[in-house]
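Hi everyone, I've got one structure to walk you through today. Have a look at it while I talk.

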Amino acid sequence: MKKLILASIIALFSIGATAQELNNFSFGRGPQVVSPEVLGDSVVFRLKAEYATQVSVAPSWLGWTANVPMQRGKDYVWEVKLPCPEPEIYTYNFFVDGVSVNDPQNYLVQRDGVRYLNMVLIPGERTENYKNATKRGTVRQMWYDSESLGINRRMTVYTPYGYEKNTKQKYPVLYLLHGGGGDEEAWTSMGRAAQILDNLIEKGQAVPMIVVMPNGNPGQQAAKPMDIEEKTIAYNDPAFANAYVNSLVKEIIPFIEKNFRAIPKSSARAIAGLSMGGGHTTSATILYPGTFDYICPMSCGIRESAELDAQLQGIKKAGYKLYWIGCGVDDFAMPGTKVLDEALKRNGMEHTLYTSGGGHEWKNWRLYLNTFGKLLFK
């Protein structure tokens, strides 16, 4: 009798759990809610919230403080139609009675540090290469041992379409660095790096290349969602000065050139980074001149110092093929970018300063990768 009662209780819990799971599907119980819906000149956001009294949406193109009220319609579906912004990738989230929630109908999500936000891609010429190409490369996570940092660490590595098949071909490598608050997944999650490279390569606009995206936080073994304990780094300790940059050049580059078909020459190495990663880019090229022939710092700039000219002369003497700088006109890093630009000029170093609208944001960094990616290894 007891076994029968226990079995009945388990069955009831199973039915309840299954019913809750099936709530995520329509199964003919009315039309599926579509959100977001891009209609050419407008974007429609919808959310089914039966017990809500107030629902609003916060699209990133209206600014981080914007919160647009939605109207409740049939079947408790809340809706609002907004004018379509210019082509780009934007994020948004809903507020249901003051509580932030993601859109359950939108599977496009990006992670920014510890925040997960829905994405909406507005089609157009600018976002052409942000969509999936026909011929796609491979994105994988690789673990390596860092003796200098004393931890096992993870990086993301992109290999171009055909890498697995063309076993005799060797490739140049772009070391692509994230900014503060990011990690080894930032460039693939928010930067659309794989899609951009796939499209550029498929169109013949870029040389097929390997792209290495390490974790620039020397105390982290991997991105926070991996839930791995972090190591405390005493950044004021001279022993840890340039700890990540040293690891990048002395450990990550050898690891890549041993485990991938990478061309082990400076002419086949590029380094690029945004914000903090831009600082890592300038530091790596100053500390290790002649390691990278292609140098592309973004939204970082540099400080004027008594040593700056001598440091840049070291890069000039070692030789390089491209020095490309990108920054938004409204970026708080623009003053430092101008310092770098002027320093390169007075040292007689050929370079490109590429400016765009906007500030310290991913819409610029995606644009920059899409731009300088065509110039590498040529």
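Let's start with Asp75, which sits in the loop between strand E5 (71–72) and E6. Those labels are DSSP runs numbered from the N terminus: helices are H or I with at least four residues, strands are E with at least two. Asp75 isn't a glycine, yet its phi is positive, about 60 degrees. Its relative accessibility is 44%, so Asp75 counts as partly exposed. For that scale, buried is under 20% relative accessible area, exposed is over 50%, and partly exposed is in between, with a 1.4 Å probe and protein chains only.

Quick housekeeping before I go on. This is a predicted model, so local features need pLDDT of at least 70 and side-chain atom pairs count only at pLDDT 80 or more, while totals for chains, interfaces and linings use all residues. Residues are numbered from 1 along each chain as its sequence is written, and side-chain values use heavy atoms, with hydrogens and water left out.

Pro36 belongs to the loop between helix H1 (2–22) and strand E1 (37–38).

Now the overall picture. The chain has 8 helices and 18 strands, and its C-alpha atoms fill a box of roughly 80 × 55 × 45 Å along the principal axes. There are 378 residues, and 49% of them count as buried. If you take contacts, meaning heavy atoms within 4.5 Å, between residues at least 6 apart in sequence, 73% join residues at least 24 apart. The chain exposes about 19,000 Å², with carbon and sulfur atoms supplying 53% of that; the areas are Shrake-Rupley with a 1.4 Å probe, and for residues only the protein chains shown count as cover.

On to charges. I see 40 positive and 37 negative side chains, and the centres of the two sets lie 6 Å apart. Lys and Arg are the positives, Asp and Glu the negatives, with His and the chain ends not counted. Each charge is placed at NZ of Lys, CZ of Arg, CG of Asp or CD of Glu.

How many salt bridges does a search of the whole structure find? It comes up with 18, where a salt bridge is a side-chain nitrogen of Lys or Arg within 4 Å of a carboxyl oxygen of Asp or Glu.

Glu88 pairs with Arg126, the closest N and O atoms being 3.0 Å apart. That links distant parts of the chain, 38 residues apart: Glu88 is in the loop between strand E6 (77–83) and strand E7 (89–96), Arg126 in the loop between strand E10 (115–121) and strand E11 (138–146). Glu88 is buried because its relative accessibility is 0%, whereas Arg126, at 27%, counts as partly exposed.

Next, Glu184 bridges to Arg154, with the closest N and O atoms 2.7 Å apart. Glu184 lies in the loop between strand E13 (173–177) and helix H2 (186–189) and Arg154 in strand E12 (residues 151–159), so the pair ties together parts 30 residues apart in sequence. Both of them are buried.

Third, the side chains of Glu257 and Arg269 meet at 2.8 Å, N to O. Here helix H4 holds Glu257 and strand E15 (residues 269–274) holds Arg269, 12 residues apart. Glu257 is partly exposed at 22%, and Arg269 is buried at 12%. There's also a network: salt bridges that share partners join Arg111, Arg154, Asp183, Glu184 and Glu185.

Now, why is helix H3 (residues 193–202) largely enclosed by the rest of the structure? Because 9 of its 10 residues are buried. Its cover includes E11, E12, E13, H2, E14 and helix H8 (362–372). After H3 comes Gly204, with a positive phi near 75 degrees.

Last stop, another buried spot. Thr281 is in helix H5 (residues 276–287), and at 0% relative accessibility Thr281 counts as buried. Leaving out residues up to four places away in sequence, Thr281 touches Leu177, Ile271, Ala272, Gly273, Ile295, Cys296 and Pro297.
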